[in-house]
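Trainee: I would like to go through some of the labels used for this model and see what each one rests on.
Mentor: Go ahead, one label at a time.

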Amino acid sequence: MAFAEQRPPPTYSVSFWTNFSAMFREEWRQNVDFARKRHIMMFPIMLALITMIITVGLRFLTGEAEIGLAEDTAEAAVAQADKAFTWNELKIGLHVSLFMFSLGMGSFAFIGRTLVSQRAGGKSYLLAGPALLPLELPPVYLAYYCKEVAFYLCLILSPAIVGMGLGIVVESIFHISTPLVWSSLPIVLVCMLITMMQGLALSFFASAIWSRSKFGAWLIPLSAVAAGVIVAVDIVPMEWAIIGLQVQLEHDFKLVPLAAIGSLLIAALGAHLVPDDFEIHVVTRSDLFDPVYDRLIFIRKGRMRTLVTKEIVDVLRSGTLFKMLGSYCVPLLFLLALAWIADFAR
């Protein structure tokens with residue numbers, strides 16, 4: 001009886017590129033399953049149109065239009081300029097918003113075990129491949145990080161740049177002065193890409209540490225709050241905390257390859273820190289339904305009380321209560337610290 005030839009596991013580079021291309025197609029499949037193809041394409045189209053409108057209105061945001069109309073006195077022009085945003089403020093708002101979005105979308109080190117359990121529902125995700133196939137985990141997770149960067153580049157950043165270009169075209173047709181020029185669009189795209197890569201990498205690295213131990217689950221929220229306070233009190237300037245913002249403010253393009261390589265290294269380290277534990281642990285628990293049901297005396301006995309008890313027991317047993325509290329408390333603590341610092345500085 002002839003035995004089947006055992007093939008060795010793929011190398012790091014082969015596993016990375018194979019998973020990256022397959023994951024990119026998988027991301028498209030997931031979005032098509034969630035919404036029809038034409039509905040998916042409406043998002044980048046609407047984003048481009050909104051960006052075009054914002055580009056046309058930049059002269060009003062920066063106060064150039066009001067200053068042009070205020071020709072009576074110099075004091076009126078200065079007053080109009082004080083009510084507008086500066087270019088640096090607009091750049092800070094753009095990069096901070098993109099950075100916070102990236103932090104929220106980069107915590108995919110938590111979902112490996114969940115994706116394995118979803119196989120019973122008829123779907124198998126490529127991120128769960130190391131649990132099912134002879135694949136090493138680090139290249140798969142690094143490929144997932146690069147897939148996220150590439151997909152958001154196509155779905156969000158590129159349509160935004162296209163919208164800026166349409167805004168320049170519209171302004172040239174209607175002979176409206178615009179503060180943007182064509183040569184600034186590649187710079188904006190590169191800087192936004194660096195910011196997104198940094199946010200996704202830091203979030204992925206933090207979620208990997210969080211998932212390793214209970215100590216990491218306490219360390220990461222406290223470190224996030226401490227980092228936010230350090231940036232808020234200007235111990236570390238905002239432009240140095242977000243490298244893409246620094247590049248756009250100073251036009252120091254020597255930082256671009258360093259920032260990109262640094263983000264990839266952080267993501268690669270996070271991929272090695274993700275625990276290789278896809279097993280669904282079977283544990284025994286004490287009865288929670290009856291004690292919780294008896295404590296809900298303020299709800300009349302019936303279907304509603306039973307459903308509320310069931311939801312509370314599910315939350316307690318799933319272990320998501322701490323993650324929910326962390327996801328809400330950390331941003332609130334950060335905003336509270338900013339409000340306190342603003343009041344103290346005043």
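Trainee: Which residues of α13 are buried?
Mentor: In this predicted model, the buried residues of α13 are G244, L245, Q246, V247 and Q248.

Trainee: What covers the buried residues of α13?
Mentor: The cover includes α6, α10 (184–212), α12 (238–241) and α14.

Trainee: Why is H95 called buried?
Mentor: Buried means under 20% relative accessible area. H95 has 0% relative accessibility, so H95 counts as buried. H95 sits in helix α6, which spans residues 87–105.

Trainee: What does H95 touch, leaving out residues up to four places away in sequence?
Mentor: H95 touches C191, M192, T195, I242, G244, L245 and Q248. Of these, G244, L245 and Q248 are among the buried residues of α13.

Trainee: What makes the pair H95 and Q248 a polar contact?
Mentor: The limit for such a pair of N or O atoms is within 3.5 Å, and one must be able to donate a hydrogen and the other to accept it. The side chains of H95 and Q248 are joined at 2.4 Å, so the distance meets that limit.

Trainee: How do α13 and α14 pack, in angle and in distance between axes?
Mentor: The angle is about 175°, and the axes are 10 Å apart. Angles over 145 degrees count as roughly antiparallel, so α13 is roughly antiparallel to α14.

Trainee: Which residues make that contact between α13 and α14?
Mentor: I243, Q246 and V247 come from α13, and L255, V256 and A259 from α14. The residues of this contact divide into five nonpolar, one polar and no charged.

Trainee: What follows α13?
Mentor: H251 follows α13, in the loop between α13 (243–250) and α14 (255–273).

Trainee: What is noted about the phi of H251?
Mentor: The phi of H251 is positive, about 55°, although H251 is not a glycine. Most residues other than glycine have a negative phi.

Trainee: Why is H251 called partly exposed?
Mentor: Buried means under 20% and exposed means over 50%, with partly exposed in between. The relative accessible area of H251 is 43%, so H251 is partly exposed.

Trainee: How many helices and strands does the protein have, and what percentage of its residues count as buried?
Mentor: The protein has 17 helices and zero strands. Of its 346 residues, 35% count as buried.

Key: Residues numbered from 1 in each chain as written. Predicted model: local features only at pLDDT ≥ 70, side-chain atom pairs only at ≥ 80, totals over all residues. Heavy atoms only, no water. Helix = DSSP H or I, 4+ residues; strand = E, 2+ residues; numbered from the N terminus. Buried < 20%, exposed > 50% of the residue type's maximum accessible area, 1.4 Å probe, protein only. Axes fitted to C-alpha atoms, helices over the stretch in contact; angles between N-to-C directions. Parallel < 35°, antiparallel > 145°, perpendicular 65-115°, else oblique. Contact = heavy atoms within 4.5 Å. Nonpolar A, V, L, I, M, F, W, Y, C, P; charged D, E, K, R; others polar.
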